[in-house]
Amino acid sequence: MRVGVVGGGAVGVTAARDLAVRGADVTLLEKGDIGSGSTGRASGLLYDAFAAPEDARVGDRAIERFRDFSGTGDFEFVETPYVWFAREGDERRATAIREQVPRMQAAGRDVEFADAADLAERYPALDVDDVVVAAVARNAGRTDPATYATAMADAAEEADAEIRTDAPAAVRTDPLRVVTADGETRFDAVVVAAGAHTKRVLADAGIAVPLKPYRVQALTVDVDADVPMLYDATEGYYLRTHPTGVLGGDGTEYVESDPDDWKRAGDDDFRETMVERLDRRLAEDAVAESDVERTWAGLCTATPDRDPLLGELRDGLYVAAGWQGHGFMRTPALGEAVALDVLGEGGIPEFDPTRFDGDEEFDVVEGMTVE
Ligand SMILES: Cc1cc2nc3c(=O)[nH]c(=O)nc-3n(C[C@H](O)[C@H](O)[C@H](O)COP(=O)(O)OP(=O)(O)OC[C@H]3O[C@@H](n4cnc5c(N)ncnc54)[C@H](O)[C@@H]3O)c2cc1C
């Protein structure tokens, strides 16, 4: 079976690797370098703390595979608990966390409530005085996402997939083919895993999908603090330990971005706000703007129901996009699922992209939001 994969982000390279390992004749086309899209800008928080059964299954499989792949090339999965909490005065999110944890446990996740005093003892670098409800997920870790993409692309090549970089591709149907500067190639199946460009690539082939790219931001700060992966649900930001000190993220823009025209650098107000948050959250270190090492932005993709579009859209044409900010952590399972779908061996019915017409109106919502 000849399969074309459009997009060499984490999802595309995983799908290419899994297809090639199972004997498919795979060509992956990436318009830039491997991992040069959202994957190379991601923060690398990995966890399976999801309550819906299909999300819990996907999260569990993804973490299992991250552990299996750890040590492949430069990719390393670093075991790190994920802690999230609501603060005093935020009854809405406190109630949401109280309701969410038993549902995650019912879905088989290794998640439990955490006591603020225990957190303070385990992580003396954190100030958690204002925390009223907290939970911890143990099936979790962190990594450098670019190393995963490179490792999977190498593994795909080892399994005889052809990886072509600097190869922007267009998709055409009837018959199904991919067009690049080198000409047209017919495929039995094509997977469009073009991240923020997915809507545009498919629109160019005459197919509408309800996907909106939106901008998010992150920064790294040169402070010495041992923190878990942390999500402050009240303010909507996250932190994790990073080789330079601490990485923090938020800065969501609740509007659709143009995937070819968006600001790559982080905003000044994002940097200022994150420095204030870090200064408040870290117990001892005073954090100042001069500690900021790097600030950047990237694109995520939203769907009307916050679930991905993963599966067959037209005969032989598959889509894999719309991760609502949780794409990288689910990649090993999502790439595998679309590969199995192409081979007629699986898929994820709940994420079937044909559940939408393509012209749905919807607002951008940040995926980590606890409601
Ligand atoms: C700042 C930031 C922090 C994030 N943190 C996390 C996190 O901690 N955990 C998490 O789970 N997720 C995180 N995400 C989200 C995560 O980055 C994405 O969900 C994930 O990387 C998506 O992978 P992908 O392969 O679908 O897309 P991408 O990595 O964007 O890959 C798509 C690829 O397609 C290529 N392409 C586009 N058009 C074409 C074309 N016409 N022809 C050929 N190639 C094409 C692009 O160049 C790109 O390389 C974060 C995102 C950002 C921006």
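**Aromatic rings and their partners**

I'll start with a charge and a ring: Arg-294 lies over the face of Trp-296, at 4.0 Å from the ring centre. There is another contact of this kind to point out, where Arg-330 has its charged end over the ring of Phe-50, 5.6 Å from the centre of that ring. Please keep in mind that this is a predicted model.

Now to rings beside rings. A pair of aromatic rings is described by the distance of the centres and the angle of the planes. How many aromatic pairs does a search of the whole structure find? The search gives 10. I will take two of the pairs, Phe-66 with Phe-75 and Phe-66 with Tyr-148.

For Phe-66 and Phe-75, the ring centres are 5.8 Å apart and the planes are at 40 degrees, so this pair is tilted. Both Phe-66 and Phe-75 are buried.

For Phe-66 and Tyr-148, the centres are 5.4 Å apart and the planes are at 70 degrees; cut-off for edge-to-face is over 60 degrees, so the pair is edge-to-face.

Buried or exposed? Phe-66 is buried, with a relative accessible area of 0%. Tyr-148 is also buried, with a relative accessible area of 0%.

Last, the group these rings belong to. Phe-66, Phe-75 and Tyr-148 are part of one aromatic cluster, which also includes Phe-69, Phe-77 and Phe-328.

Note on methods: Residues are numbered from 1 along each chain as its sequence is written. This is a predicted model: local features need pLDDT of at least 70, side-chain atom pairs count only at pLDDT 80 or more; totals for chains, interfaces and linings use all residues. Side-chain values use heavy atoms; hydrogens and water are left out. Rings of Phe, Tyr and Trp (its six-membered ring) pair if their centres lie within 6.5 Å; planes under 30 degrees apart count as stacked, over 60 as edge-to-face and the rest as tilted. Buried means under 20% relative accessible area, exposed over 50%, partly exposed in between (1.4 Å probe, protein chains only). A charge sits over a ring if NZ of Lys or CZ of Arg is within 6 Å of the ring centre and within 35 degrees of the ring normal.
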